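Please keep the sequence and the coordinates at hand while reading.

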Amino acid sequence: MSSNPWWQHATVYQIYPRSFADSNGDGVGDIPGIISKLDYLQHLGIEVIWLSPVFASPMDDNGYDISDYQDIAPEFGTLADFDRLVAGAKARNIGILLDLVVNHTSDEHRWFIDARASRQSACRDYYIWRDPAPDGGVPTPLQSTFGGPAWTFDLATGQYYLHQFSTRQPDLNWENPKLRAEIYAMMNWWQQRGIAGFRMDVIDLIGKDIDHGITADGPRLHDYLQEMHRETFGGKDLLTVGEAWSATPDSALLYSGRDRGELSMVFQFEHVTQQWHETWGKWQPKSFDLVAFKRVVDRWQYGLAEDGWNSLFWGNHDLPRAVSKYGDDTRYRVESAKMLATVLHFLRGTPYVYQGEEIGMTNVPFASIAQYRDIETLNMHRQHVAAGLPSTDFIFGANANGRDNARTPMQWSAAPHGGFTNGTPWIEANPNHATINVAASLADDTSILAHYRRLIALRKTLPVMRLGRYQSHLQSHPTVMAYTRDLADERITVLANFSPSPITLDLPVELNTQGELLTSNYPHTPAADSPLHLAPYESFAVLTKDS
Ligand code: TEU
Ligand code: CA
């Protein structure tokens, strides 16, 4: 791996195809819709698009249940459309990351159809089958992430199959070398089509040892990733990022260490799960604790300072909208959205922008379960209500943390459905699209969009922003975050007020706000001397050069 790979100074934009842009009025986003927005993405300045799955799928989990890895779902388009997207993006210096979902397939994949036909089928061992427990019940007590047991009985062959997600997402058996070879061949087939890399779905689960109750970080995980590296993207200068909910700074070094021959980086979720209720998880979220959050940032910035590489993100298609979760999506929506962007984009790592984050899209206040579409939310609603929780209480949790918050149509204009479709969208648009939309943002050079363009442009020109050594300050301050980045004689100082109240701050001597103001979310220039006054959600970054 070269010492300064291209993806260390790239900014990635995640697209959820179903909700991005609908080109044919069927209410479902599609690839021609994405192609029609490439000029907008070029204007934003991003260099990579992470494309959530567009492959053939019965859409039980919106495409994360694949029935054919080498074909495009008709509702999203055709292989020819995909090739046009890759070519159109390349012409704008944008690479396409594909979503590799190989912990499980759809139950409509030909491998599974063959596997469940008989115990002697050629693909039987591509999946994980176990006999019933002595009492005829499930082989192990493992629960699915989407609720209920992780095992389903197959009457025809008299065995249970494992599915860590929905019953229609049977887990693949990575211990089978023939299966692994088929997956590597599929990956190489897509590489031939000019993609820039892979985002890998729940990749920390493929090394599972289910009989010992081990799902994540299993005994053979890194053997498989090193084999995958050798057989597919090794030496091809691609960006590979693994989704790993179990990752810690130490295990992240195993995935992304320079000489490990595995991945470029991982997505870790410690800043997400630290806000979950011990028992009810994300359905009863705890309030945001900045000091706890800063501790996680320090762990990862220091943990991967010498080796490995961080991914940086607030949101994605599974998480609530950043400004609603970490900022204020009413009175200070603009100021807090800009503050969050500044805090994230000056950290050391590769930043990811989730569609709509760059215009400050918010969570959606759905009132009834009938408005939701996400299988996890619908399953969990059923389970919680069956356990006696009033539906309204569950909706409260779903409003805060449900995955559909990220999946409402992209808001392009004040037109009906935010200009996402001329038809009826598969999920309702957020009513605030009348004011929060791309058209209004493009017309306003003080918009959140203009702020993101500035940050993305700075990363291309400032080596200290990409490679500077991270140092945190004010670790115990309850509402202010402060850190510096140093490279040679240059230092960037970042300060951010995470609260809706003005703050007066005695600046420690090592924090100097004098220098070139790189960005701020208020028109005034930050004061030079201490005490420093910060307005609600005020944030800025200053560049100083040693004289
Ligand atoms: O997500 C893994 C995962 O565990 C989350 O889906 C889950 O929702 C968690 O509670 C976070 O909210 C990946 C994909 O990102 C997700 O969209 C898929 O549903 C899942 O894997 C199965 O493929
Ligand atoms: Ca469509």
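**A helix pair and its surroundings**

Helix α11 (residues 333-345) and helix α15 (residues 448-461) have axes that come within 10 Å and cross at roughly 10°. Axes here are lines fitted to C-alpha atoms, for helices over the stretch in contact, and angles run from 0 to 180 degrees between N-to-C directions. The crossing angle makes α11 roughly parallel to α15, given that angles under 35 degrees count as roughly parallel, over 145 as roughly antiparallel, 65 to 115 as roughly perpendicular and the rest as oblique. The residues of this contact divide into seven nonpolar, three polar and three charged; Ala, Val, Leu, Ile, Met, Phe, Trp, Tyr, Cys and Pro count as nonpolar, Asp, Glu, Lys and Arg as charged, and the others, Gly among them, as polar. On the α11 side they are Arg333, Val334, Ala337, Lys338, Ala341, Thr342 and His345, which meet Ile448, His451, Tyr452, Leu455, Ile456 and Arg459 in α15. Contact means heavy atoms within 4.5 Å. Helices (H or I, at least four residues) and strands (E, at least two) are DSSP runs, numbered from the N terminus.

The model is predicted: local features need pLDDT of at least 70 and side-chain atom pairs count only at pLDDT 80 or more, whereas totals for chains, interfaces and linings use all residues. Residues are numbered from 1 along each chain as its sequence is written, chains are lettered from A and ligands numbered from 1 in the order in which they are written, and side-chain values use heavy atoms, with hydrogens and water left out.

Apart from its neighbours within four places in sequence, Thr342 is in contact with His451, Leu455, Tyr483, Val494, Thr519, Ser539 and Phe540.

**The sheets**

An open sheet of five strands runs in the order β14-β15-β16-β20-β18, with antiparallel pairing. Its edge strands, each pairing on one side only, are β14 and β18 (516-520), and the twist averages 20° from one strand to the next. Two strands pair if DSSP finds at least two bridges between them. Strand β14 (residues 469-473) and strand β15 (residues 480-487) are joined by five bridges in the antiparallel sense. Arg469 stands opposite Asp486, and the bridge partner of Tyr470 is Arg485. Helix α9 (residues 290-303) lies across β14 and β15 and runs at about 155° to β14.

The hairpin of β14 and β15 has six residues between the strands, and Leu474 there takes a positive phi near 50°. His477 is also found in the loop between β14 and β15. Leaving aside neighbours within four places in sequence, His477 is in contact with Leu290, Val291, Lys294, Ile503 and Leu505. His477 and Leu505 are 28 residues apart in sequence, with a C-alpha to C-alpha separation of 9.7 Å.

Another open sheet consists of three strands in the order β6-β8-β7, with antiparallel pairing. Its edge strands are β6 (129-130) and β7 (151-154). Four bridges link β7 to strand β8 (residues 159-162) in the antiparallel sense, and Thr152 stands opposite Tyr161 in β8.

**The calcium site**

Which residues supply the protein donors of the calcium ion (ligand 2)? They are Asp22 (OD), Asn24 (OD1), Asp26 (OD), Val28 (O) and Asp30 (OD), lying 2.2 to 2.3 Å from the ion. Donors are N, O and S atoms within 2.8 Å of the metal (3.2 Å for Na, K and Ca); water is not among the atoms, so sites may look incomplete. Along the chain, the donors follow the spacing D-x1-N-x1-D-x1-V-x1-D. Asp30 counts as buried because its relative accessibility is 3%.

**Positive phi in two further loops**

Met59, although not a glycine, has a positive phi of about 60°. Met59 is placed in the loop between β3 (55-56) and β4 (68-72) and is buried, with a relative accessible area of 12%. Asp237, likewise not a glycine, has a positive phi of about 55°. Asp237 lies in the loop between α6 (221-231) and β10 (239-243) and, at 49% relative accessibility, counts as partly exposed.

Note on methods
Buried means under 20% relative accessible area, exposed over 50%, partly exposed in between (1.4 Å probe, protein chains only).
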